[in-house]
Amino acid sequence: MNSSIQTAAALIQQGELVAFPTETVYGLGADMWNPDAIAKIYATKGRPSKNPLIVHIAEIAQLDSLVTELEPLEKTLIAAFWPGPLTLVLPKRSEVSQAVTGGLSTVAVRMPAHPMALELIRQAGVPIAAPSANLSGKPSATHHQHVRDYFGETLFVLEGGATEHGLESTVLQVKNGVPHIYRLGSITPEDVERATGVKAILETNSPHSPGTQFKHYAPSTPLILMEPEALLHACATERGIFGVIATTELLQRLKPKPSRSFDLGAESNLMEVGAHLYEALIEMDRLQLSKIFIQSFPEQGLGRAIMDRLRRASGENS
Ligand code: TXA
Ligand code: MG
């Protein structure tokens, strides 16, 4: 048995916070039944109290203590995507505190596909409420080092290296037999339609999902989102000390080569682009540049989730 997971589980049971890896991003977790621990999450992140948390479970049986009943379509989604990066918004049982749900009558639940996260939840013996492990408004942490940089050495961090997806989970609620997607993620609207036979409705700036209303993922350096051709032109004429975040192919076309650039990977591999996005924003933000240019992507499949994050990070959505 991994002793650091044991230590982390004991801390959760004592009402402390623990950061842990998931397949999407790192989470800042606490015992969902402990009100003081939940309050610590909000205080530590500087998170608005109206922004609800996701509850992480390791076994389907844990749903019984959280939600009243599942609709057939919800069961289909669970069978198709759990463990994995899909968060379901479900009607909550009265025992689930409104401090966890931001005052809502629903609770967001997911089963992460990461062995350390699952083992932590099992050993702690309780569902773990966890937002992404970043300061409120900043890019999510996709490596344990990012978590340390945000919160310092006093927070216990389970070290799992870089996360697989690098984008937060897809958040979805079934209403009248139709999936409504509140937050795009690596499970795409196309994936949802394939699994359920029903076309999902995109509601990605919905007041039904309070988190999407707040400023997000933003580096301190001005971030400028541009079509690839426009980006090439802007870099050729820009005079200040700027940075570029782009695919391998686009970076190769830049002449002269910019001194500060981050390679997101191959254009054909959006999974890789998504996995590197926050790392790119976090690293480039450290360099004290006057601005960062970042390229846009076609809005299909995973490209939609990537563009959603880029719009918010560049302030286009605020
Ligand atoms: O991938 C993820 O989802 C990561 C890892 C750690 O699991 N977690 C994460 O949590 O991204 P956070 O707190 O950064 O985002 C939670 C999102 C917010 O957009 C919030 O509005 C939405 O989930 N949410 C939570 N509870 C909800 C509810 N009851 N109804 C609608 N949206 C809800
Ligand atoms: Mg977050």
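I began with the composition of the shell around ligand 1, whose residues divide into 11 nonpolar, 10 polar and 4 charged, where Ala, Val, Leu, Ile, Met, Phe, Trp, Tyr, Cys and Pro count as nonpolar, Asp, Glu, Lys and Arg as charged, and the others, Gly among them, as polar. I note that this is a predicted model, in which local features need pLDDT of at least 70 and side-chain atom pairs count only at pLDDT 80 or more, while totals for chains, interfaces and linings use all residues. Residues are numbered from 1 along each chain as its sequence is written, chains are lettered from A and ligands numbered from 1 in the order in which they are written, and side-chain values use heavy atoms, with hydrogens and water left out.

**Ligand 1**

I then looked up which residues come nearest to ligand 1, and of the 25 around it these are Thr24, Arg47, His56, Ser169 and Gly211 (near: a heavy atom within 4 Å). For polar contacts (a pair of N or O atoms within 3.5 Å; within protein, one must be able to donate a hydrogen and the other to accept it, and residues adjacent in sequence count only if both atoms are side-chain atoms), I found a side-chain N or O atom of His56 at 2.6 Å from an oxygen atom of ligand 1. The side chain of Arg110 has an N or O atom 3.0 Å from a ligand 1 oxygen, and a polar side-chain atom of Ser132 is 2.9 Å from an oxygen of ligand 1. The protein covers 98% of the 680 Å² of accessible area that ligand 1 has on its own (Shrake-Rupley method, 1.4 Å probe).

I checked which strands (DSSP runs of E, at least two residues, numbered from the N terminus) contribute to the shell: S3 (54-56) and S5 (106-110) each supply at least two residues, and S5 gives the largest share, 3 residues.

**Sheet**

I traced an open sheet of 10 strands in the order S7-S1-S2-S6-S3-S5-S4-S8-S9-S10, with mixed pairing (two strands pair if DSSP finds at least two bridges between them). Its edge strands, S7 (156-157) and S10 (201-202), each pair on one side only. I saw that S9 (residues 178-183) and S10 run parallel and are joined by 2 bridges, with His180 opposite Ile201 in S10.

**Backbone geometry**

I looked up two cis peptide bonds: one runs from Trp82 to Pro83, with omega near -10°, and one from Lys255 to Pro256, with omega near -5°. Pro83 lies in the loop between helix H3 (72-81) and strand S4 (86-91), and Pro256 in the loop between helix H9 (248-253) and strand S13 (261-263) (helices: DSSP runs of H or I, at least four residues). Asn176, in the loop between S8 (170-175) and S9, has a positive phi near 50° although the residue is not glycine.
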